[in-house]
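Have the 3D view ready as you read.

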Amino acid sequence: MFKRTLILILVAGLAGTLGACSARQVKRVDVNKPTDLSGYWNDTDAQMVAEEMIKESLSNPWAEVFTAKNGRKPVVIVGPVHNRSQEHINTEVFTKSLERALINSGKVVFVAAPEERQDIRAEREDQQKGYTDPATMAAMGKELGADYMLLGSLNSVKDEVKRQYTIFYQANLELIDIETNRKVWIGQKEIKKTVTIPRFGL
Amino acid sequence: MPFRKLIRIIAGAGCCFLSACASGPTVQPQINYMVVTNRYDRALSILEKHQKDYGERNQLMYLLDQGLVLHYAGKYRQSNEVFEKAKKEYDKLLTTSVSKEALSWVWNDYALPYRGEDFERVMINVFEALNYAALEDWENALVEARDVDSTLRAINLQYQPDQRNVYKEDAFARMLMGMMYEASGSSSDLDDAYISYQKALEIYQTKFQKLFHVQPPEILKENLLSLAAVIDRPGFRGFKEKFPDTPLVGFDRRQKNAEIYLVAYEGFGPVKADANFIVPVNGQLYKFAFSRYKERYQSRGKKTFTAREATAQYSEPVELVQDINKLAETTLESRRLRLTAKTLVRMAGKGLLVKEQTDRLQKNYGDTTGGVAKVVGNLIYLYSEQADLRSWETLPANIGMARLVVQPGLYNLFFDETEIGQVRVKAGEKKFVFYRTLK
């Protein structure tokens with residue numbers, strides 16, 4: 001009985017090991033379909049944050065108020081969105097979505113962020129070197145000054161035991177008047193997940 | 001009879017198939033040698049060429065080795081990409097494969113994937129933080145600080161509060177993360193730095209001193225004092241009394257000047273070795289397969305870290321901040337009881353199976369067949385009964401640190417009398433430099 005059981009375990013072990021062999025599978029899915037595989041921050045989280053921020057920023061009348069007062073659209077520059085969580089997250093994924101939605105709404109003008117400006121300035125300086133047709137050269141000293149800066153942070157709180165954790169994310173974005181430091185809009189999105197890692201698998 | 005023949009065929013085939021399940025990769029000593037002779041690209045190419053030798057069950061070990069060699073080589077971003085994969089692999093392995101576990105009860109522990117020790121999981125955060133520090137990317141270094149905080153909390157919760165002689169906190173990781181918080185500079189980060197330093201001090205003074213013989217480093221006491229002087233005057237008075245010999249390296253002075261931190265990786269970490277013995281009982285051999293750690297390096301004397309420029313020289317002793325030899329040994333010892341129980345069950349089961357089968361063969365087919373069967377059966381048994389000797393072998397034996405507060409400028413750096421590099425530092429900068437040594 002005992003040795004039969006031992007042999008059955010040996011065969012089961014072999015079968016299980018062999019069964020793990022299979023060809024890689026790829027399936028295309030809709031961009032909007034939530035796909036939570038690991039429990040870490042993923043594209044669904046970034047999209048949820050972006051959608052909420054877009055909705056809140058477009059429903060708040062800050063842009064219309066500025067236009068009514070100054071006769072032109074507000075100019076916004078995207079500043080750093082600090083990652084204060086415990087995962088390496090690219091915050092550009094939702095700031096770019098927000099930028100796109102605001103530009104497409106026609107209410108806001110965006111100017112290049114500091115990192116983007118370096119490349120553009122290098123190109124402009126290169127155009128002054130004498131290789132470019134003067135009629136098509138971009139003039140120096142004509143950068144548009146921003147009225148507002150978009151700043152933010154992503155924070156997280158994790159409660160963890162081995163193989164199970166709850167994680168709470170809070171994304172905050174603020175629009176700040178560059179001249180007066182006044183905050184004209186604050187957007188916030190909170191996400192909470194519980195992840196359980198199974199004790200046993202095949 | 002056909003059933004028994006079938007079983008023997010399956011077992012035989014299984015043994016051939018599982019011959020890979022009797023050892024781990026053997027390429028680490030070569031890689032270590034290349035690293036300490038500064039041939040990093042060679043080390044990396046050997047590693048990549050031998051990825052298949054690691055096998056599907058040792059993917060985590062491959063990623064740990066690769067991540068660390070990339071760090072030694074100064075390829076900080078690539079190192080972090082690999083360590084991030086290692087974190088995910090570690091999480092995946094939290095799920096025990098039932099089939100592999102079953103196999104390990106009848107074959108040996110090489111049937112199980114290499115899961116990494118708790119302290120190795122913490123070292124992933126440590127090396128990633130050091131990579132970001134080298135790149136002066138403090139925001140991402142702090143992501144590691146927060147991650148290691150919740151990792152250590154989860155490790156701690158596995159044990160009873162009064163359970164000693166187990167690894168459940170890491171003083172070095174806490175101290176390092178305090179340095180990362182300080183480097184980031186915002187006022188809330190300074191609060192976090194202060195908390196990290198205090199935790200580090202407590203762990204050094206209680207567990208690390210007792211278990212690993214590592215004293216609270218002077219750098220930690222200096223940083224704690226200088227921060228307390230700025231944000232916690234009552235606490236400052238308490239620390240001043242506790243450490244009367246520690247100088248006050250003013251916080252302002254540190255911000256106005258520059259700091260150069262040396263992280264020295266000394267020696268080769270311990271490797272596991274066989275500690276087997278075989279006993280005959282009732283005409284059958286039984287093998288107890290155990291492993292123990294073998295130290296490959298003993299620290300020899302005090303070292304100094306020096307920064308020299310045309311008109312000035314700064315020098316501090318290199319202090320022991322993490323003893324990986326002792327960490328590894330403590331971790332193995334705390335699992336000794338569970339490992340022993342499993343070995344005994346497996347050893348008894350296999351031994352009995354071989355004895356009963358070969359006795360039956362002898363009874364039915366005569367002494368010659370029985371004799372041959374006994375020899376073959378015992379050979380397979382003794383071969384299969386192996387202790388798991390896998391570990392993260394590219395780790396150093398211990399980690400030392402030194403910190404210099406210097407005027408801004410260009411400096412040549414020395415570890416004892418060996419020149420190890422050159423740095424230019426500006427006011428308020430914190431520069432991390434690394435050195436791999438066998439001395």
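Helix 8 of chain B passes helix 9 of chain B in a left-handed crossing, where left-handed means the near helix is turned anticlockwise from the far one by less than a right angle, and right-handed means clockwise. Keep in mind that this is a predicted model: local features need pLDDT of at least 70, side-chain atom pairs count only at pLDDT 80 or more, and totals for chains, interfaces and linings use all residues. Residues are numbered from 1 along each chain as its sequence is written, while chains are lettered from A and ligands numbered from 1 in the order in which they are written.

**Helices 8 and 9 of chain B**

- Helix 8 covers residues 118-134 of chain B and helix 9 covers residues 138-156; their axes come within 8 Å and cross at roughly 170 degrees.
- Axes here are lines fitted to C-alpha atoms, for helices over the stretch in contact, with angles running from 0 to 180 degrees between N-to-C directions.
- On the helix 8 side of chain B, the contact includes B:D118, B:R121, B:V122 and B:N125, and on the helix 9 side of chain B it includes B:N140, B:A141, B:E144 and B:A145.
- Being in contact means that the C-beta atoms of two residues, placed from the backbone, lie within 7 Å.
- By class, the contact of helix 8 with helix 9 of chain B has nine nonpolar, three polar and five charged residues (Ala, Val, Leu, Ile, Met, Phe, Trp, Tyr, Cys and Pro are nonpolar, Asp, Glu, Lys and Arg are charged, and the others, Gly among them, are polar).

**Helices 5 and 6 of chain B**

- The axes of helix 5 (residues 59-72) and helix 6 (residues 76-92) of chain B come within 8 Å and cross at roughly 160 degrees.
- Helix 5 and helix 6 of chain B are therefore roughly antiparallel, and their crossing is left-handed.
- Among the residues that meet are B:L60, B:L63 and B:L64 in helix 5 of chain B, and B:V82, B:F83 and B:A86 in helix 6 of chain B.
- The class count for the contact of helix 5 with helix 6 of chain B is nine nonpolar, six polar and two charged residues.

- Helix 10 (residues 171-184) of chain B has 14 residues and reaches 20 Å from first C-alpha to last, close to the 20 Å expected at 1.5 Å a residue.
- In helix 10 of chain B, 13 of the 14 residues are buried, so this helix is largely enclosed by the rest of the structure.
- A residue is buried if 20 or more other C-beta atoms, placed from the backbone, lie within 10 Å of its own, exposed if 12 or fewer, and partly exposed in between.
- Just after helix 10 of chain B, B:G185 takes a positive phi of about 90 degrees.
- B:G366 sits in the loop between helix 16 (336-365) and helix 17 (367-384) of chain B, and counts as exposed with 10 C-beta neighbours inside 10 Å.

**The chains overall**

- Chain B has 17 helices and twelve strands (DSSP runs numbered from the N terminus: H or I of at least four residues for helices, E of at least two for strands).
- Of the 439 residues of chain B, 42% count as buried.
- Chain A has five helices and six strands, and buried residues make up 21% of its 202 residues.

Notes:
Parallel < 35°, antiparallel > 145°, perpendicular 65-115°, else oblique. Expected span 1.5 Å × (residues − 1).
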